[in-house]
Amino acid sequence: MTAATTDLFADGWLSSPPQYRADLDRCEPASALSATGKRGHWRTMSFETDDVAGTMIAAGPETAAPAVSFPLRASGWHAVSVGIVPNFKCTDDTATVAVPVKLSSDDTYSLLTLNLSSLQTRLLPDWHGPAVAEMFWKIADLTDMSLDICQMVRRVAPGDAPGSFSGPAARVAYVKLVPLTDDEIETWQADQARTDTRRLFAHNDSHGPHYLFRLTTEEEVRREIEPYRDTDVSRIYWEAGGGDRTRFFSRVARAEVMEGQEDFGRRGDRMHAESWRDFQQQGVDPFDVALAHTHALGMEFHACYRVAGFKYPPPLDGASLGEVFFDRHPECRGEDRAGNRTPRMAYSYPAVREFVVSLLREIVERPVDGVCLLFNRRMPLVEYEPPVVEGFQQEYGLDPRELAADDPRWLAYRARTLTGFMREVRAAMNEAGEARGSRIDVGAVVAATEQENLQDGIDLRAWMDEGLIDTLIPYSSEPVYDSHHPSWTDPSQLAFFVDLVRGTDCVLAPNLMPRHQSPEDFRRRASTVYEAGAGHMFFWDAAGGCGRANHQPMWSGLKRLGHQDEIAAWQAAGEPDLPRTIKPLRKWDGWDFAYETPG
């Protein structure tokens, strides 16, 4: 790609004029459409922007609109964008509009999600009315294709009568098609054939989709993977569980069906449990579905595990109730320097480590490409338990409880526990890898500085010296949560990690935060990572509908951050704003927004 053709996501590099399909009243079947608001029907509504006029289809949060098919009347390769109408002047959880779409030849929907506020405030600061946001979706051969559109719906509560549904609003104003010339098709296909750009790793906690959308079908699980098609993402990091809770159906631990629980601290927790109960009844494992679809798209699948996920505080404790490892093993709980038991399991005790390793062994019975241990939540795993305190006293003749918490001798000694645990993990994965005939990658998401890792009981130098991990992911938190964490705004912030992996086979993939940034800011962060000497990037919470992979401008920029040459060309051109489109909605179903309603 040249500097002039770097903005593929916004089809700004294409030479042909756009074609607008704004007659959504042609959707089929016609019986699914209504000119008035009607349950179980899409409402057809006239609209006008400065350059497009036609008929949109719309569904409210309780409409439960059925799937419809919109003939695209196109032939050959096109860039496809969809004009979505976000909710207007919403500030609560109803603000998000979500529209699943797919081509008639696809087996999986893509979820287009949009929240109006930040996008419109920045791009249309003087416009007081609603708008149409144009979301680039994909490049595809549209010969004989239709666009299938549906609404996400979910039962409001168990036992509700049929038809009692709620879901995000959905409004499609138009479809924009830009034909590709023969040269542009060749450029696109050559770009897709590149492997040097596949530098991005995307994480999905496999909780948010169930929590928000109450997934119940294999297609809905595949939908979480589908956004990564034709992107620079080469690995999916999918959470398999934490503590003794699993997000697959396990022999060793408990899947998150939360048996017997009827009342939940949050509505999403209920939907999460109901989702897993539904899959259990079907005999379908969402983990296996995600694994298969990831491999079908040519990406690696790495199973993540939250090492500290045994116990959560209310109201998040629903999955921690009942006969759980935490309750069965009170003797293995952590202990602070005052001798008080802490609400966590301590890896100082062999029983805890043995349980975790047994669970990891079960995970890799599946054809996963790696396991990744998440040390970025609810640390530490080792505190002042008697085995650690007594061992330190024998070696140093000192009581660590009387030393400063950051005494280097104590930090180094305490870190031996997790180094030993990682040896056990590495040995188990080597054994499993030898049995299957391929190495199993061991990754770790860790804290953002050497000192913070030592305070968490992690000695990364020892891990690297012994070759215990294959992928190292420094976690930079979102500033709103952890303002003290660096977010890789300066290459020096990564110097420790770059030096640590130099001369080894370990892959370094810093996590980029905050989650939501402009495409330009993502390019600047990526440039800093490359300048520091790291060759890959990790994206925590990059889930499809509820995270970063949502087809907004942010995602369209993020998914090409593996194109280091594009970023360099863009910076050489003076960092121009990347093109994106949001159109004032001048008229909507007879209302002229030139008239501003006072208040």
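Begin by selecting R333 and F326: in this predicted model, the charged end of R333 lies over the ring of F326, at 4.0 Å from the ring centre. Next, display K138 together with W137, where the charged end of K138 is placed over the ring of W137, 4.7 Å from its centre.

**Aromatic pairs**

The rings of Phe, Tyr and Trp form 21 aromatic pairs. Select Y237 and F538, whose ring centres are 5.2 Å apart. How are these two rings oriented, stacked or edge-to-face? Their planes stand at 75 degrees, and an angle over 60 counts as edge-to-face, so the pair of Y237 and F538 belongs to that class. Y237 is part of strand β15 and F538 of strand β25 (residues 537-539), so this pair ties together parts that are 301 residues apart in sequence. Both Y237 and F538 are buried.

Move on to F248 and F287. Here the ring centres are 5.6 Å apart and the planes meet at 50 degrees, so the pair is tilted. F248 sits in the loop between β16 (245-246) and β17 (254-255), whereas F287 belongs to helix α6 (residues 286-296); the pair thus links distant parts of the chain, 39 residues apart. F248 has a relative accessible area of 1% and is buried; F287, at 0%, counts as buried as well.

Colour residues 300-306, which make up strand β18; six of its seven residues are buried. R306 has L374, in β21, as its bridge partner.

**Nonpolar cores**

The largest nonpolar core contains 102 residues, and those with the most contacts inside it are Y347, F375, L418, F421, W463, L472 and L561. Which helix supplies the largest share of this core? Select helix α10 (residues 408-436), which contributes eight residues.

A second, separate core has 34 residues, among them C27, I57, A65 and V97.

Leaving aside residues up to four places away in sequence, L561 touches L200, D232, L512, F522, R523, A526, Y530, M537, F539 and I567.

Terms used:
Residues numbered from 1 in each chain as written. Predicted model: local features only at pLDDT ≥ 70, side-chain atom pairs only at ≥ 80, totals over all residues. Heavy atoms only, no water. Buried < 20%, exposed > 50% of the residue type's maximum accessible area, 1.4 Å probe, protein only. Helix = DSSP H or I, 4+ residues; strand = E, 2+ residues; numbered from the N terminus. Pairing = 2+ DSSP bridges. Core = buried A, V, L, I, M, F, W, Y, C linked by side-chain atoms within 4.5 Å. Contact = heavy atoms within 4.5 Å. Phe/Tyr/Trp six-rings, centres within 6.5 Å; stacked < 30°, edge-to-face > 60°. Lys NZ or Arg CZ within 6 Å of the ring centre and 35° of its normal.
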